[in-house]
Amino acid sequence: MGDVAGNAKVKKMVFVTVGTTSFDKLVRAVDTQEVKQELYRKGYTSLIIQMGRGSFIPTKCAGEDGSLAVDAFTFSSTIADHLKSADLVISHAGSGSIFETLRLSKPLIVVVNEDLMDNHQSELAEELADRKHLFCARPQTLHQTIADMDLQSVVPYVPGEATPVAKLIYRYLGFPED
């Protein structure tokens, strides 16, 4: 079933981003054995975690012996490159991260930070999940979301739809709309 080398697996990368914030619950969730095993079962071979300002350091792994390769960093000027090369993105619910990933037509699981007060981000993520543009999870349900996700069910996001949503968000946050 493998390639010419024998049993080598096609490389598929998962990129996790928390943006410029701290979201240790998301980083902890992707660092669990059940999430890593589910990703591996789905055919992913590596996991790159951008952990932002968080204090939890995920376990790095070279990925030998049938396990997921895991690497992590705090910040990078090449986040866009990681997004472009990802086969799946797991992101916090920041609108910038969401729309950048959708514009790149990457499968996306948005993990909502339930600790944020007045969580407009969850409303955005849930609305886009209802429209089938992405999957929405909580840290404690991430492994089940990965297990249940059907990438064939995703409706491609058409750029341009973001403007009315962005204006709504800006208005909600009290920013000027221009």
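1. Leaving aside residues up to four places away in sequence, Ser46 is in contact with Lys12, Met13, Val14, Leu68 and Ala69. The model is a predicted one. Ser46 belongs to strand E2. Its relative accessibility is 18%, and the limit for buried is under 20%, so Ser46 counts as buried.

2. Strand E2 covers residues 46-50, and five of the five are buried, so the strand is largely enclosed by the rest of the structure. Ser46, Ile48 and Gln50 point one way from E2, while Leu47 and Ile49 point the other way; residues of both sets are buried.

3. Strand E2 has pairing partners in E1 and E3. Strand E1 (residues 13-17) runs parallel to E2 and is joined to E2 by five bridges. Within this pairing, Val16 has Ile49 of E2 as its bridge partner. Strand E3 (residues 69-73) also runs parallel to E2, again with five bridges. Here Gln50 has Phe73 of E3 as its bridge partner.

4. A separate point concerns the second largest pocket, which holds about 180 Å³ of space. Helix H5 (120-130) and helix H7 (162-173) are the elements that each give two or more residues to its lining. The lining residues are His120, Glu123, Leu124, Glu127, Val165, Leu168, Ile169 and Tyr172.

5. What is the make-up of this lining by class? The lining of the second largest pocket has five nonpolar residues, two charged residues and one polar residue.

How values were computed. Residues are numbered from 1 along each chain as its sequence is written. This is a predicted model: local features need pLDDT of at least 70, side-chain atom pairs count only at pLDDT 80 or more; totals for chains, interfaces and linings use all residues. Side-chain values use heavy atoms; hydrogens and water are left out. Buried means under 20% relative accessible area, exposed over 50%, partly exposed in between (1.4 Å probe, protein chains only). Helices (H or I, at least four residues) and strands (E, at least two) are DSSP runs, numbered from the N terminus. Two strands pair if DSSP finds at least two bridges between them. Contact means heavy atoms within 4.5 Å. On a 1 Å grid over the protein atoms alone, a cavity is a set of points where a 1.4 Å probe fits but cannot get out, and a pocket is an open set with protein on both sides within 12 Å along at least five of seven lines; lining residues have an atom within 4 Å of a point. Grid points are joined across faces, edges and corners, and a volume is the space filled by probe spheres set on the points. Ala, Val, Leu, Ile, Met, Phe, Trp, Tyr, Cys and Pro count as nonpolar, Asp, Glu, Lys and Arg as charged, and the others, Gly among them, as polar.
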